[in-house]
Amino acid sequence: MPQRKIIHVDCDCFYAAVEMRDDPTLRDLPLAVGGNGGRGVVTTCNYKARAFGVRSAMPGSEARRLCPGLVTVPTDMARYQAASRQVMAILRELTDLVEPLSLDEAFLDVSDITDHKGSATLMARYLRERVEREVGITISAGVAPNKFLAKIASDWEKPNGLCVIRPEDVDGFVRALPVEKLFGVGQVTASRLHQMGVETCGDLQAVGPEVLTERFGKQGYRLHEMAHGRDERPVVVTRIAKSISVERTFSQDLPDRSACETVMASLVADLNLRLSRKARQKPIHKLFIKIRYSDFSTHTLERVREQVREPGLEDYLPLFKELAGEKDRPVRLLGMGVRFRNDDAPVTQLRLFD
């Protein structure tokens, strides 16, 4: 099988980057998008703010305590979506095999592209230069033989960086990789691995797949594969989808319902981006929402909403309020999505004795 060449691109502090592009006076200031007002939550922030410890999903009041000179601006999703469309259009000029993950990141499979001498490294450099020149923001890129490694690589030299993991470098790279860098390994899984004496993928390689599967179920086999730098997932452009959803796990729990409502707008935008790429013509049958609290209890709610064509924040807020109830609880994960109507399925079901 020919060697795959995967690029993962990730816009640097995307919303903040658009704000600094459109107002250059903000470039030398610690900046947060969202987080203004008494109960606002930071959606994202620039690197000057991050140096003070400010992070996305942090309450604005805490962000201002950490960084007294913090400047906050309200979110403007229309401008961010416009910038995202520009970025994605540039990516698609290089290849049709583009899988957007959100407004600000995507995978590309460039295995069969002969432009730029067939070099994925030169392609990534070209994409970064074009986005900076034409969109006015910077992107970081990772180049690797598979999606898992490409995504890790794009984060390696942030911001405005390019990291290349060549096939011959994979083994040495993953051996030194902390297990916290693996997809799906959060604090709980990392703690369990540490208790087993596993700190790096090199340590993880020494644990047999049978042991990992016994301790972690299906995730155990994925851990085994990732520890060896293996990932056969294709870049997915289209699929016959029964549903499409987006979700976000927060590095710091959202403190209350108001904070959740603040970040829902960007989730809706990400959801609509996926719908536009994959299934805009499919009729929507249901909307659903998912909440995982700080104690890891997970709750979902779905409702039939067949009149909705392009779901907006106003469509999800009633579901969120119904699911969350009146009590404020710290939220670890927030997700939302749509289920499609299956026009090929029977629309009625006969009762047993009819």
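This is a predicted model: local features need pLDDT of at least 70, side-chain atom pairs count only at pLDDT 80 or more; totals for chains, interfaces and linings use all residues.
1. Leu212 is a residue of helix 10, which covers residues 209-216. Its relative accessibility is 0%, and because buried means under 20%, Leu212 counts as buried. Leaving aside residues up to four places away in sequence, Leu212 touches Met196, Leu204, Val207, Gly217, Gly220 and His224.

2. Helix 10 packs with helix 11 (residues 218-227) at an angle of about 140°, and the two axes are 6 Å apart. On the side of helix 10 the contact is made by Pro209, Leu212, Thr213 and Phe216, while helix 11 brings Lys218, Gln219, Gly220, Tyr221, Leu223 and His224. Sorted by class, this contact holds five nonpolar, four polar and one charged residues. The crossing of helix 10 with helix 11 is right-handed.

3. Elsewhere in the model there is an open sheet of three strands, in the order 3-2-4 and with mixed pairing. Strand 3 (42-45) and strand 4 (71-73) each have a single partner strand and stand at the edges, so one side of each is left without a neighbour in the sheet. From one strand to the next, the twist averages 30°.

4. Within this sheet, strand 2 (residues 31-34) pairs with strand 3 in the antiparallel sense, over three bridges. Gly34 stands opposite Val42, a residue of strand 3. Helix 1 (residues 14-22) lies across strand 2, strand 3 and strand 4, and runs at about 110° to strand 2.

Notes. Residues are numbered from 1 along each chain as its sequence is written. Side-chain values use heavy atoms; hydrogens and water are left out. Helices (H or I, at least four residues) and strands (E, at least two) are DSSP runs, numbered from the N terminus. Buried means under 20% relative accessible area, exposed over 50%, partly exposed in between (1.4 Å probe, protein chains only). Contact means heavy atoms within 4.5 Å. Axes are lines fitted to C-alpha atoms, for helices over the stretch in contact, and angles run from 0 to 180 degrees between N-to-C directions. A crossing is left-handed if the near helix is turned anticlockwise from the far one by less than a right angle, and right-handed if clockwise. Ala, Val, Leu, Ile, Met, Phe, Trp, Tyr, Cys and Pro count as nonpolar, Asp, Glu, Lys and Arg as charged, and the others, Gly among them, as polar. Two strands pair if DSSP finds at least two bridges between them.
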